[in-house]
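This report is meant to be read with the sequence and the 3D structure side by side. Please keep both in view while reading.

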Protein chains: 2
Amino acid sequence: MKRVGFIGLGNLGLPIATNLLRAGYVIKVYNRTKEKAASLVVGGAQAVSYSHEVADRGGIVISLVSDDNALRDVANDELAGALGNGGLHISMSTIGANTSRDLATHHKKFGVNYLAAPVFARPEAAAAKKGFVCLSGGNPSERSRAHAVLTDAVAQQVFDFGNDAGAANVVKLIGNFMLAASIELMAEVFALSEKNGLETQSVYEMLTSTLFAAPVFQNYGRLILNRKFDPPSFRLALGLKDVNLILQNSNQTKSPLPMANLVRDKMMKSIAHGNDERDWAAFSEEARRDSGI
Amino acid sequence: MKRVGFIGLGNLGLPIATNLLRAGYVIKVYNRTKEKAASLVVGGAQAVSYSHEVADRGGIVISLVSDDNALRDVANDELAGALGNGGLHISMSTIGANTSRDLATHHKKFGVNYLAAPVFARPEAAAAKKGFVCLSGGNPSERSRAHAVLTDAVAQQVFDFGNDAGAANVVKLIGNFMLAASIELMAEVFALSEKNGLETQSVYEMLTSTLFAAPVFQNYGRLILNRKFDPPSFRLALGLKDVNLILQNSNQTKSPLPMANLVRDKMMKSIAHGNDERDWAAFSEEARRDSGI
């Protein structure tokens, strides 16, 4: 019987936990607001009242929460103690590298292995197990144990970034920063196209079928053109959090990121205009506003 | 017998003229430095001493020169006069939209149709006829006449941007700006990866096989990682010219481009460090320098 504990039933956590249930796992789930577990409980999951109650001794727990503080709240002494020797915590949240390194050290005291496994996936991709997971921490055999569960849960591919528990988090932050910068870039050129009297749809089609024929540009480009940011797949407030996290890393490692500064300010303007709960591509509207459109 | 006049035998012009010769066109060629025509003359082309001598009355001339001023020099009264009524000038240079609009008006006085047809292609792609051409100006039947020649010359696909002779130039400048911004983005994240102790090659492979699986990121990413900028496919001096052209357009249309400002300054720093004749991806080195690597 495959068993797993699952913490965090948000936009991504819920479809991933659902995948595990459908793959035949016996799962215990925890979420701050308990109502989110309803569909899983109907499917046979057990909902618990405290995060550490999802853990079996020596078993596997997956967590996917919104930020560093939320993770520190649930990944506490009680959780590490309940997992105990040989336990495995697969931490899928998008957080700072140093939080992962701290937690890895902390878990080790209880004999628990902590791995970072942040995932690139919008909710519909997660549901379809089309996510890309960056994995790091522990040793190769621990990562191999996680690899199997991640494939059942969400991953079409798992990328191994070695023994540093923070490495996968850095790569995830890099990816999200590149997505944000790509949104800003398209926002600027679409506004410029419109001011030039061009048909922006044709510009979009040319670029995304040739030089920029990648899902990022195709999908976010369409969102920006259609100006459809509700309901959100990924909230702008979380996007800003991630860009702030890579700027924090920039400070720590002394590696300037001028594009991240620029993108951060655009996101901040958009949040000041009330868009924090909309899809993060909504900050593309600032380029239109700045152009007087 | 298909005939065409060709002006400008640079890194792109030479392979394109060669393609036309091989496709059976009778061609007359002009280049400021005449030696560049040698291989074409061996193949049967006629080299002439003045740009207007490439023209046949009512025929087709293709030009591909380095900048707006060079184009104004060759696309003079004599050229328009020699082409005369029903003549077609297919202008493939990467130039400002207003230069195209001026020349279209000017050519019209001689009965000549001027079309903008800038091409996205590195030299090896041009030789393989894998270029993407943006076409605008004139009317649909004039563009259709150009379409056939462009396909014989360089284009795997021609994108039609309507009757405004400047439209295709704006799209080309947008594309080049997006390439430059992508180079800067990768330069920043690769430097950050290195400062984080990550294996940058693995970060590159993950990103360019998933979210950023587009030739732009794959090819320029490899150049940046390998730090190989000689010989240049596209010189940094020309790259800066193009970013300055889109900033000029930004001023004219009152559409801010903060990312273009950032990229321009990075290119300028790289040129100040002596890289103007290297491949434009060389400006990625500034992110390394700025990070103290």
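The text below goes through the sheets, the nonpolar core and the contact between the chains.

The model is predicted: local features need pLDDT of at least 70, side-chain atom pairs count only at pLDDT 80 or more, and totals for chains, interfaces and linings use all residues. Residues are numbered from 1 along each chain as its sequence is written, while chains are lettered from A and ligands numbered from 1 in the order in which they are written.

**The sheets**

Helices (H or I, at least four residues) and strands (E, at least two) are DSSP runs, numbered from the N terminus. Two strands pair if DSSP finds at least two bridges between them. Strands of a sheet pair through backbone hydrogen bonds, either parallel or antiparallel.

In chain B, 6 strands make an open sheet with parallel pairing, in the order β3-β2-β1-β4-β5-β6. Its edges are β3 (46-47) and β6 (113-116) of chain B; each has a single partner strand, so one side of each lacks a neighbour in the sheet. In chain A, 6 strands form an open sheet with parallel pairing, in the order β3-β2-β1-β4-β5-β6. There, β3 (46-47) and β6 (113-116) of chain A are the edge strands, pairing on one side only.

| Strand pair | Bridges | Residues opposite each other |
|---|---|---|
| β2(B) and β3(B), parallel | 2 bridges | Lys28(B) and Gln46(B) |

Helix α5 (residues 97-108) of chain B lies across β5 (88-91) and β6 of chain B, at about 165 degrees to β6(B). The angle is taken between N-to-C directions, from 0 to 180 degrees, with axes fitted to C-alpha atoms, for helices over the stretch in contact. Residues are in contact if their C-beta atoms, placed from the backbone, lie within 7 Å.

**The nonpolar core**

A nonpolar core is a set of buried Ala, Val, Leu, Ile, Met, Phe, Trp, Tyr and Cys residues joined through C-beta atoms within 7 Å; buried means that 20 or more other C-beta atoms lie within 10 Å of a residue's own. The largest core has 216 residues, of which Ala117(A), Val133(A), Ala117(B) and Val133(B) touch the most other members. Beyond four places in sequence, the contacts of Val133(B) include Ala117(B), Leu150(B) and Phe159(B).

**The contact between the chains**

Chain B and chain A each give 50 residues to the contact. On the side of chain B that touches chain A, α8(B) supplies the largest share, 17 residues.

Technical notes: Two residues are in contact if their C-beta atoms, placed from the backbone, lie within 7 Å. A residue is buried if 20 or more other C-beta atoms lie within 10 Å of its own, exposed if 12 or fewer, and partly exposed in between; C-beta atoms are placed from the backbone.
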